Amino acid sequence: TNILVAKGKKPVQGQDAQIEYCFNTVSHKRPAHKEDGRVDYFNLTTINQCRKGEVLARIIPEQQGEAGCDVYGKAIKPREVKRETLKFGQNIELSEDGLSITSMVDGHVTLADKKVVVSSVYQVKGVNVSTGNINYDGSVEIAGNVDENFEVKAGGNVVVNGLVEGATIIAGGNIIIAKGMNGMG
């Protein structure tokens, strides 16, 4: 007859905390493929716009494990679980429980070195095939040029510190071009 002499219990492992981002965190840009097989370098989705009060990220809390025991009754501890903290810059508010962050302004949100940043002014080096067309609700500041056939639409001001070459710029506020423009035809 089988007689149970000793019995152990495996520890139940816990789960680490995780950060869930509520915006696109992938920074590489890809051109859109059209139905006829052509590639559209003008419309790249490069801006993650956010609204005031919108939740940007939240922590899914860690879950502690449960200890087990060996056949001698000695406790076997589960592995330690990792905690997470939200890292963020200006224009962001932390919730009272410390588990979520929300935007304090309308703007665009980015993730840089695991830190969430919201800015009300969208800044780019230049408008070309690397950025595509820009369609932004706030103000746009362009450090370089706006290349030919590209389009910048902004709900606020547009400041171009370079040259505008045969492009379209539409703004709800002022348009400032520092080094002049060159029209098409």
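The model is predicted, and its chain contains 20 strands and zero helices. The radius of gyration of the protein chain is 26 Å, whereas a compact globule of 185 residues would have one near 16 Å.

**Overall dimensions and surface**

- Along its principal axes, the C-alpha trace of the protein chain spans about 100 × 45 × 20 Å.
- Of the 185 residues in the protein chain, 26% count as buried, and the chain exposes about 12400 Å², of which carbon and sulfur atoms supply 48%.

**Nonpolar cores**

- In soluble globular proteins, nonpolar side chains tend to be buried together.
- The largest nonpolar core in this model has 16 residues, and those with the most contacts inside it are Val127, Ile134, Ile142 and Val152.
- Two or more residues of this core come from each of strand 12 (121–124), strand 13 (134–136), strand 14 (139–142), strand 15 (151–154) and strand 16 (158–160).
- Apart from this core lies another one, which has 12 residues, including Cys50, Ile92, Ile101 and Val118.
- When neighbours within four places in sequence are left aside, Ile134 is in contact with Ile47, Tyr122, Val124, Val127, Val140, Glu151, Val152 and Lys153; one of these partners, Val127, is also listed with Ile134 among the residues with the most contacts inside the largest core.

**Aromatic pairs**

- A search of the whole structure finds two aromatic pairs.
- The ring centres of Tyr21 and Phe23 are 5.9 Å apart and the ring planes stand at 65°, so this pair is classed as edge-to-face, for which the angle has to be over 60 degrees.
- Within this pair, Tyr21 is partly exposed, with a relative accessible area of 25%, whereas Phe23 counts as buried because its relative accessibility of 12% falls under the 20% limit.
- The pair formed by Tyr122 and Tyr136 is tilted, with 5.7 Å from centre to centre and 45° between the planes.

Notes. Residues numbered from 1 in each chain as written. Predicted model: local features only at pLDDT ≥ 70, side-chain atom pairs only at ≥ 80, totals over all residues. Heavy atoms only, no water. Core = buried A, V, L, I, M, F, W, Y, C linked by side-chain atoms within 4.5 Å. Buried < 20%, exposed > 50% of the residue type's maximum accessible area, 1.4 Å probe, protein only. Helix = DSSP H or I, 4+ residues; strand = E, 2+ residues; numbered from the N terminus. Contact = heavy atoms within 4.5 Å. Phe/Tyr/Trp six-rings, centres within 6.5 Å; stacked < 30°, edge-to-face > 60°. Rg over C-alpha atoms; globule rule 2.2 N^0.38 Å. Areas by Shrake-Rupley, 256 points an atom, 1.4 Å probe, with all protein chains shown as cover.
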